[in-house]
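Welcome to my notebook. I opened a structure that was new to me and wrote down what I looked up.

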Amino acid sequence: MHRVLLTSITFLLLAAPALAAPGGSPTTAVAESPEATVVEIAAARDEADRLIAEAEAEGIFENITGDGRPTVLHRSSGLVCQFERGNPENVVYVFPSPFPRGDDVGCNMPTGGYALTHYATRHTEPITAEAAAQIAVAAVRERLGEVREFSGDAVDYSSEGLPRTYRALMEVSAEGRDLFTSASTAEVSGWIFKQRLTTPLDDALNGQLVGVAAWLSLLVFAQTRPFDAD
């Protein structure tokens, strides 16, 4: 496995319109979008309201949409979910669990054609992010069967100042397709955050860049909680 090192990625990914993969090909990790119109912002806000309502998550998630992308906030954990407007696979989750309602949540938010889900869980009996990563890998094996260690180029990055991430990179064959899938976990203020990302195996590098951008954005917001100033 080769590793592709990206330094100072935390803010690079948040600000740059695109990143280059090895060979200089631009990736779709961060796409520059034109400024949304008033109508587009209103439509995005309506969609965020609908996603919260469909999850019966009023009082658990808040609609904080400010541009053309529906955006919701789970204030307890600091999980911010930003969706591609109009994607039929957008979902807000409040999972039934042994934990108090609202302490096990997530968002399915396909991005750039890649399957991407974020979770935030506050366990009644705290577990480590490392243990959560092991559980996530076991769940992948249970659901998809044979799991192999990923043998392609892996995106590496600097996340100085952020909680430690535990990250498993895997490849699987499912329904006649070869897929790259990853599980990332970290702990912030007693909450275990997890990301699941799945992409076609032959597009794994670009998929990883999308996932890394979303993951580091998640950790930055959860740790700094800029929304608490509102």
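The entries below go from a sheet to a pocket and then to a cavity.

**Ground rules.** I worked with a predicted model, where local features need pLDDT of at least 70, side-chain atom pairs count only at pLDDT 80 or more, and totals for chains, interfaces and linings use all residues. Residues are numbered from 1 along each chain as its sequence is written, and side-chain values use heavy atoms, with hydrogens and water left out.

**The sheet.** I began with the strands, which are DSSP runs of E of at least two residues, while helices are runs of H or I of at least four, all numbered from the N terminus. I found an open sheet of seven strands in the order β5-β6-β7-β12-β11-β10-β8, with antiparallel pairing. Two strands pair if DSSP finds at least two bridges between them. β5 (91–94) and β8 (147–149) are at the edges with a single partner strand each, so one side of each has no neighbour in the sheet. From one strand to the next, the twist averages 20 degrees.

I noted three bridges between β8 and β10 (residues 166–174), which pair in the antiparallel sense. V147 has V172 in β10 as its bridge partner. Helix α3 (residues 129–144) packs on the sheet and touches β8, β10, β11 (177–188) and β12 (191–200). The direction of α3 makes about 0 degrees with that of β10. Such angles run from 0 to 180 degrees between N-to-C directions, with axes fitted to C-alpha atoms, for helices over the stretch in contact.

Is strand β6 (residues 104–108) buried or exposed? Five of its five residues are buried, where buried means under 20% relative accessible area, exposed over 50% and partly exposed in between, with a 1.4 Å probe and protein chains only. I checked both faces: D104, G106 and N108 lie on one side, V105 and C107 on the other. β6 pairs with β5 over four antiparallel bridges, and V92 has C107 as its partner. Five bridges join β6 to β7, with G106 partnered by Y119. β6 and β7 form a hairpin with six residues between them, and G112 in the turn has a positive phi of about 60 degrees.

**A pocket.** Next I looked up the second largest pocket, with a volume of about 430 Å³. On a 1 Å grid over the protein atoms alone, a pocket is an open set of points with protein on both sides within 12 Å along at least five of seven lines, a cavity is a set where a 1.4 Å probe fits but cannot get out, and lining residues have an atom within 4 Å of a point. This pocket is lined by 22 residues, of which A115, R143, T181, R196 and T198 lie nearest its centre. β7 (115–121), α3, β11 and β12 each give two or more residues to its lining.

I then turned to S182, in strand β11. S182 is buried, with a relative accessible area of 3%. Leaving aside neighbours within four places in sequence, S182 is in contact (heavy atoms within 4.5 Å) with A168, L169, M170, Q195, R196 and L197. My search of the whole structure gave one cavity of 30 Å³ or more. The largest cavity holds about 40 Å³ of space, and S182 lines it together with R167, Q195, L197, Q208, G211 and V212. The largest share of that lining, three residues, comes from α4.

Definitions and conventions:
Points joined across faces, edges and corners; volume = space filled by probe spheres on them.
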